[in-house]
Amino acid sequence: MLSRITGLVFLVLVLGVDGLGVNWGTMANHKLPPKAVVQMLKDNGINKVKLFDADATTMSALAGSGIEVMLAIPNADLSAMTTYSRAKDWVRRNVTRYNFQGGVTIKYVAVGNEPFLTSYNNSFVNTTFPALQNIQNALNEAGYGDSIKATVPLNADVYASPESNPVPSAGRFRPDILPQMTQIVQFLNHNKAPFTINIYPFLSLYANEHFPLDYAFFDGVPNPIADNAIQYTNVFDANFDTLVSSLKALGFGDMEIIVGEVGWPTDGDRNANNNYALRFYRGLLPRLAANKGTPLRPGYIEVYLFGLLDEDIKSVAPGNFERHWGIFKYDGQPKFFMDLSGQLQDKYLVGAQNVNYLPNKWCMLKPDAKDLSQLGDNINFACTWSDCTALGYGSSCNGLDANGNASYAFNMYFQAMNQKDTACFFKGLAVITDQNISQPNCVFPIQIAATSSSSKHTPSLLLLLIIFFISIALPFSR
């Protein structure tokens, strides 16, 4: 099992692509200790990280690391930030608290996350700009305005080109949010803050079965898209330049743009696998290292890869791949060769060190189980309260037989429950084994051990219910 074989990991520091950061999400049943994650970032030369909250444990682990941080205010808190006194209090508790010599190097505050997604049905349309305004003004009042900028990470669905002229130069912001986007862009420009956009070539492929596969990568296509004199050979460039054109239409064509999220998942869909992820990164990273930029914006681009670690309790409403965006597995071990310097060297990233795992025990379908009439219900139960996304169509464990599917589901629940004996019963259908039941193309994982410092105790039924209903209510990435 690769995650156990540390000898396969080359313990070398890398000179990362200038400006390269990663997204550190924490929606996991068993989390790596934050200090271990920070050490991973440092070991791999990653000096920028984007968060999805301002968790005190995470922030404390980042203190003194020198890593530049983008904090975040979740969408659910945007309404509160429309009151200036509460915005000032948020800055005091989450910025001032850590802004000292040897503290956290805070560079940005992300106000919301993709708040204008069409699937949110305008829930945050009227609160995002006032929240942005209040947070930046609170930063300015506290004396941080020159060094810490508020921004709004937005999904690429906030702009598009018309069907009658589907080229990047025709890009415009969505008409339904144009007033809000105009306010945001003008305010960002006034405060010398960047525009932050999330671009996902994988999702272009996932959403359209007729989308040309090669256009999602960077190694050329037989039929580029012609836009005047420009030939677009990949969707990343075309998407980014559609944004540039949209900004230009508002009079801000030179505004700084940050790519807040870009990456490729490795499981949960027929196009989500290690080979495609490696192909994507082997195209993206050398371009970033060479400061190639895009046709309309050549040069340096600040980019945050999505994401650092797999997160096994993220919502799967958009697709099972949502839990598999990490360049590292759930336990902080690298998935494939990856060279953050962009020099295409075949080497592993430096994995998390001294990871403590639960004992070598697995839960499996009892070989002599007789009455299988309730097997389906028990598998559904196990997969409701654990992560069975690897069993889906086109996924890594899709090839298991019926018995293998049951064992995989039972084991995932067993591990999620910290290997409690009672978590491997399933009405007498399951049994605990000390023999690794992994199969050639399907790993049956052992979870990270619970520690007193990292909130990894056996999840209560209440917590699991909360996770379940959140996964239904929030259909997108965070």
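A residue is called buried here when its relative accessible area is under 20%, exposed when it is over 50%, and partly exposed in between, with a 1.4 Å probe and protein chains only. The model is predicted, so local features need pLDDT of at least 70 and side-chain atom pairs count only at pLDDT 80 or more, while totals for chains, interfaces and linings use all residues. Residues are numbered from 1 along each chain as its sequence is written, and side-chain values use heavy atoms, with hydrogens and water left out.

With that term in hand, the charged pairs can be taken in turn. A salt bridge is a side-chain nitrogen of Lys or Arg within 4 Å of a carboxyl oxygen of Asp or Glu, and a search of the whole structure finds 18 of them. Arg287 and Asp237 are both buried, and their side chains meet in a salt bridge of 2.4 Å, N to O. This pair links distant parts of the chain, since Arg287 is in helix H9 and Asp237 in helix H8 (residues 235-249), 50 residues apart; helices (H or I, at least four residues) and strands (E, at least two) are DSSP runs numbered from the N terminus.

Arg279 forms a salt bridge with Asp219, their closest N and O atoms being 2.9 Å apart. Because Arg279 lies in helix H9 (residues 274-289) and Asp219 in the loop between helix H7 (201-207) and strand S10 (225-227), the pair ties together parts that are 60 residues apart in sequence. Arg279 is partly exposed, at a relative accessible area of 24%. In the salt bridge between Asp176 and Arg174, the closest N and O atoms are again 2.9 Å apart; here Asp176 is partly exposed at 47% relative accessibility, whereas Arg174 is buried at 12%. Lys48, Glu68, Lys107 and Glu302 are linked in a network of salt bridges.

Ile184, at 0% relative accessibility, touches Phe116, Thr128, Phe129 and Leu132, not counting residues up to four places away in sequence, where contact means heavy atoms within 4.5 Å.

A nonpolar core is a set of buried Ala, Val, Leu, Ile, Met, Phe, Trp, Tyr and Cys residues joined through side-chain atoms within 4.5 Å. The largest has 146 residues, and those with the most contacts inside it are Ile135, Phe195 and Phe410. Helix H11 (residues 402-416) gives the most to this core, with eight residues. A second, separate core of six residues includes Tyr108, Ala110, Ile258 and Tyr304.
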